[in-house]
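Please read the points below with the model open. They take the helices, then the sheet, then the DNA.

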Amino acid sequence: MAIIRVALDVPLDCLFDYVSEETSSTDIGLRVRVPFGKREAIGIILDVCAATQITADKLKPIHQLYREIPPLPHDLIELYRFCNRYYHHPIGQVVMNSLPALLRKTRSVTCKPDGVLLWKLTSIGQTVGIDTIPARSKTKRELLRLLQQNRQTTAAFLGEITPHTRKLLRELVASGWAEETVVSRGQQTTTVTTAPAATAEQAEAIAAMTAMANQFTPWLLQGVTGSGKTEVYLQVAATILAQQKQVLILVPEINLTPQLEAIFRQRFPASPLISLHSGVTDNERLQGWCQAQHQQTGIVLGTRLAIFTPFANLGLIVIDEEQDSSFKQQDGLRYSARDLAIYRAKQLDIPIILGSATPSLESYYHAINGHYKHLRLRTRAASQARLPAIRCIDLRIVKAQEGLTEPVLNALRETTAQNLQSLVFINRRGYAPVLLCKSCRWTATCTRCSSRLVFHLPARQLRCHYCGYQQSVPSACPQCGDQDILPFGHGTQRIESALINHLPDARIMRVDRDSIRRKHAWQAILTTIQQKKVDILVGTQLLAKGHDFPNLALVCIINPDASLYSADFRAEEQLFTQLMQVAGRAGRAETPGTVLIQTEFPHHPIYQALMRQDYDHYAQQMLKDRQAMNFPPFAYQAALRAEAPVIQDALAFLGKASAASQNRHSKQIQLFDPVPAPMMRLNGMERAQLLVQADSRKSLQHFLTDWQPHLVALPTGSKLRWHLDIDPISL
DNA sequence: AGCACGCCGACT
DNA sequence: GTCGGCGTGCTC
């Protein structure tokens with residue numbers, strides 16, 4: 001008769017004890033169904049012990065123990081405990097929210113067969129000449145060719161699984177040419193298709209990393225756009241896979257997975273690969289989860305949530321675009337997948353590669369300090385490819401019409417005439433960000449948020465980009481009745497229509513969240529671009545990240561200055577990263593690139609650094625500023641945020657919270673005054689925050705651990721909600 | 001978070 | 001007289 005301690009999805013930082021007859025300490029990590037108050041809940045066993053503090057009258061027996069999948073591995077449970085301690089988030093919510101949705105339901109689940117399904121040719125199949133297949137059976141020929149080239153392949157490698165390919169594979173089996181075999185875990189061959197020759201820099205990085213492939217080593221791989229970081233990931237992954245270990249690759253966005261997935265499948269035909277992100281179905285996610293845990297997959301590719309995947313034998317973690325803010329979860333458990341990845345790598349004693357053209361200042365600082373090993377790729381991989389020429393257009397001298405200057409228009413005309421592609425980058429959706437009454441200066445604002453409503457032309461609507469509220473455009477000013485209300489400023493739609501006026505013959509396409517809303521639209525757009533069916537792209541940051549556009553020669557950046565006024569000390573760093581990324585889109589293959597930036601501040605250090613494409617110099621300057629102002633990475637922060645229908649309540653709560661800390665707050669801890677959030681009103685709630693800063697992680701953690709019980713004890717009205725954000729990245 | 005209990009205002 | 005508002009308290 002054992003006491004089991006169970007993590008349940010409730011906002012209380014404790015485990016719940018139950019009696020279970022059939023349980024031993026090897027069952028830690030199993031799923032249980034338990035009575036909880038008047039209801040039932042699903043939980044995970046985190047501990048098994050002989051005694052409990054809970055009185056016998058309260059202690060209940062469990063309802064069911066699920067053994068259909070093996071217990072969660074010990075290292076994952078340790079990760080949960082770390083998240084609980086470090087992010088000060090209730091343990092049960094840490095555990096339950098990291099699980100695939102199907103494991104949170106009171107239902108048994110089934111996982112696919114134990115073993116990896118691989119296709120291979122029979123001895124007869126190996127001797128069959130491709131010519132014996134009728135030429136019109138193109139797909140069948142292709143399947144046979146792929147199978148002959150590779151000893152064993154996954155079904156996914158043989159192409160998209162359509163009813164057609166399934167039928168053809170069955171035909172091959174019927175002819176006795178091919179067979180599907182079940183290979184038990186750890187027995188896969190790691191066929192590798194031919195890799196391109198590495199550049200000297202790549203080879204050096206690969207050699208350094210493979211030499212330390214079996215121990216915790218954090219690598220910062222700092223490579224300019226187009227320098228071939230992916231090739232380095234691939235070749236290091238090959239080494240790890242050959243040791244029968246698994247590889248986890250984290251990417252910032254779901255949009256970037258299909259491309260990388262294709263590259264990895266192509267290179268490792270016999271290594272099963274799964275994708276884990278918010279776009280996969282609940283069942284796929286569960287199957288992927290189980291496969292990783294059973295080592296039925298070699299490669300897991302996913303967004304931040306994939307950091308919670310259980311692995312049988314993880315050997316390498318790669319974080320691509322490590323500076324990207326999407327790695328930080330912005331609600332619930334506010335974890336940084338990058339920081340958790342470092343924790344996991346350390347815990348498992350395996351290498352981790354942080355890849356970026358423009359590392360976060362935190363990672364860069366670790367690299368120049370020697371905490372991380374620093375590797376650089378300074379040149380572009382395609383031998384002809386050079387870095388683009390970057391030039392500023394001074395908006396104080398050259399006036400813009402409809403947001404566009406003459407030099408930009410000329411460059412677009414020239415590039416189009418040369419049959420090359422251009423990108424006009426403007427990080428604002430819609431037609432115009434402001435709708436203004438000329439006589440009384442009224443502007444359209446959101447009722448639920450402290451934001452301006454953005455004018456969208458095709459629908460003739462005003463939309464809030466924060467809460468989604470929309471309304472039709474008023475015909476007269478609601479304040480003074482004047483009919484002279486005009487759109488101000490420029491969004492993608494307005495720039496698009498201006499371009500249509502100025503370059504009537506060019507094929508222009510707008511790419512932003514509005515234009516890719518339709519399912520599969522994103523893939524269709526990428527294809528259109530790759531097939532050169534478009535001359536000028538007008539787009540937001542969607543186009544800035546990750547994708548290769550070999551024919552893109554010109555990038556025009558319309559008005560990036562706004563971030564320079566931001567109160568957030570990270571805004572400038574993020575602008576620099578974004579502009580480097582966008583600029584890097586230009587001139588990837590044989591085409592040399594040009595970048596034009598329309599700005600009012602051409603002499604601002606950010607543009608100067610950008611023109612020289614000197615990340616290092618700029619990063620070092622920013623680090624000096626951060627040090628002078630005692631900001632991260634030289635200080636450690638936590639934000640206590642509160643939201644309530646009226647700001648006074650939120651501020652009052654933070655005031656009480658601050659007072660509750662006074663008696664135990666040491667010299668190493670600095671509490672700032674509660675302030676309204678920069679975007680004070682959001683979705684009908686008013687938000688405020690209180691920043692806590694410390695000179696070491698340790699003292700911050702000590703303080704927070706002391707503080708938290710006081711916070712929990714503070715009275716909150718029913719409509720007030722609060723949370724702690726550790727290492728916040730936006731204010 | 002749920003879900004109960006409990007104590008005060010406007011309705012068949 | 002009760003239906004229902006949300007404040008408070010508990011869940012092993």
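1. Contact here means heavy atoms within 4.5 Å. Helices (H or I, at least four residues) and strands (E, at least two) are DSSP runs, numbered from the N terminus. The model is predicted: local features need pLDDT of at least 70, side-chain atom pairs count only at pLDDT 80 or more, and totals for chains, interfaces and linings use all residues. Residues are numbered from 1 along each chain as its sequence is written, chains are lettered from A and ligands numbered from 1 in the order in which they are written, and side-chain values use heavy atoms, with hydrogens and water left out.

2. On the helix 6 side, Gln202, Ala205, Ile206, Met209 and Thr210 meet Glu231, Val232, Gln235, Val236 and Thr239 of helix 7. These contact residues comprise 5 nonpolar, 4 polar and 1 charged. In this classing, Ala, Val, Leu, Ile, Met, Phe, Trp, Tyr, Cys and Pro are nonpolar, Asp, Glu, Lys and Arg are charged, and the others, Gly among them, are polar.

3. The axes of helix 6 (residues 200–211) and helix 7 (residues 229–242) come within 10 Å and cross at roughly 30°. Axes are lines fitted to C-alpha atoms, for helices over the stretch in contact, with angles from 0 to 180 degrees between N-to-C directions.

4. An open sheet has 7 strands in the order 11-12-10-13-14-9-15, with parallel pairing; two strands pair if DSSP finds at least two bridges between them. Strand 11 (273–276) and strand 15 (373–377) are the edge strands, each pairing on one side only. From one strand to the next, the twist averages 20°.

5. Strand 11 pairs with strand 12 (residues 299–302) in the parallel sense over 4 bridges, and leucine 273 stands opposite isoleucine 299 in strand 12. Helix 6 packs on the sheet, touching strand 9 (217–223), strand 14 (351–356) and strand 15, and its direction makes about 160° with that of strand 15. Helix 7 also packs on the sheet; its direction makes about 170° with that of strand 13 (314–320).

6. A backbone N or O atom of aspartate 17 lies 2.4 Å from a sugar or linking oxygen of DNA strand C. For glycine 37, the corresponding backbone distance to a sugar or linking oxygen is 3.1 Å.

Methods: A polar contact is a pair of N or O atoms within 3.5 Å; within protein, one must be able to donate a hydrogen and the other to accept it, and residues adjacent in sequence count only if both atoms are side-chain atoms.
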